[in-house]
Amino acid sequence: MAGIHFALWDAVGGYADRNAPMADVYDEHIRLAQEIEQLGFHSYYVIEHQNSPVGRITSPTVFLTAIARATSKLRLGAMMWQLPLYHPIRLAQEVAMLDHLSRGRVEFGTGIGVHEHEFIRWGVDYYQRAAIAGEVLDIVKMAWTQDEVTFTGKYFNFDEALPQPHPFQKPHPPIWAAVHSEAAIDFAAKNNYHVAQNLDSDEVIARKFNLYRERWKQYQHPGPMPGIWLMRQVHVAETDAKAHEEARQFLASRTGGAVPVGGGPIERTRIGWGSHPRGMGRDSERPDDKARGESMRKAAQSYEYNLEAGLAIVGSPETVIRKLEEGKQNIGFNVFCTNHEIGGMPDALVRNSIRLFGNKVIPAFR
């Protein structure tokens, strides 16, 4: 079978006991990273959230440094670092240091963030987040490749900044763009970035990845074509029947969806989810975002919808292998990222799923 790189998406106890000591939670997930390295996973990802009840990773670079020092081959990154919330030179230096401490294993996932309340609480203009992120990324690349940075922009100004160190990887770590909108897809294609997706149905994602490939070719980059990364919720058990029995109550649930928006502890705060119940302010009414919101609503209500739309893959190792081969042909990803921590699923089921995936599924694609 054709090769696929397999990554693990680690929520790092996002749905775990809120009273568990964070030192214990972090240690547990460092051990998990060590285990998946032995199981043959290619890479390991976390996500940054600020002001969030699932925000165990508020500083991805700090946590990934611990992962780097506990592993030797596993590539590591965040999907994504929330660019509008960073000082660009400090971000560049911190990720460059991580790249050295891992001896060149960093994957730099970039994005702008989607939840309005996260920006309100930090006094950052939510509707300028894409423009801010554009400047941040420009400056990060300058800091990675130049000995001095002089920059005059709308949001940042630097006069002969002297960034240190430059990254271990040359010219810099791979840059991934988390894309949803057509504008974001075009931005990634124009700049020759790798692309990542996780929330849309298989049908929608296939269309967006095809658009990316078309735009990338139009920009006439010399090649090779960048990576295409897809994350899905995955549950593997010894048989199809057992896998469905284990996953059903956790997958189609309020907390089992990829992004449970609305309600919960955020709703009970003064600011709540911001100015719109979908959590994205005025952007909640954009056609693409409305469609994604409807898909997430269905996913929280119907177990079957998750499977039919491709939002989750559930089954025996043989079934999962077949689904992945179909997905590779129909969607065209070459990095598949598994999220086994589905809502409140007990840790024993999560770990058994990860081990079956590593021992039975990954070898089929070598």
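Arg215 and Glu182 form a salt bridge, with their closest N and O atoms 2.7 Å apart; the term requires a side-chain nitrogen of Lys or Arg within 4 Å of a carboxyl oxygen of Asp or Glu. This pair links distant parts of the chain, 33 residues apart: Arg215 is in helix 7 (residues 202-218) and Glu182 in helix 6 (residues 182-190). Helices (H or I, at least four residues) and strands (E, at least two) are DSSP runs, numbered from the N terminus. Arg215 counts as buried at 17% relative accessibility, while Glu182 is partly exposed at 48%. Buried means under 20% relative accessible area, exposed over 50%, and partly exposed in between (1.4 Å probe, protein chains only).

The model is predicted: local features need pLDDT of at least 70, side-chain atom pairs count only at pLDDT 80 or more, and totals for chains, interfaces and linings use all residues. Residues are numbered from 1 along each chain as its sequence is written, and side-chain values use heavy atoms, leaving out hydrogens and water.

The whole structure holds 20 salt bridges. In one of them, Arg75 meets Glu107, the closest N and O atoms being 2.4 Å apart. Arg75 lies in strand 3 (residues 75-82) and Glu107 in strand 4 (residues 106-111), so the pair ties together parts 32 residues apart in sequence. Both Arg75 and Glu107 are buried.

Arg292 forms a salt bridge with Asp288, again with closest N and O atoms 2.4 Å apart. The two are four residues apart in helix 10 (residues 287-301), and therefore separated by about one helical turn. Arg292 is buried, at 5% relative accessible area, and Asp288 is partly exposed, at 27%.
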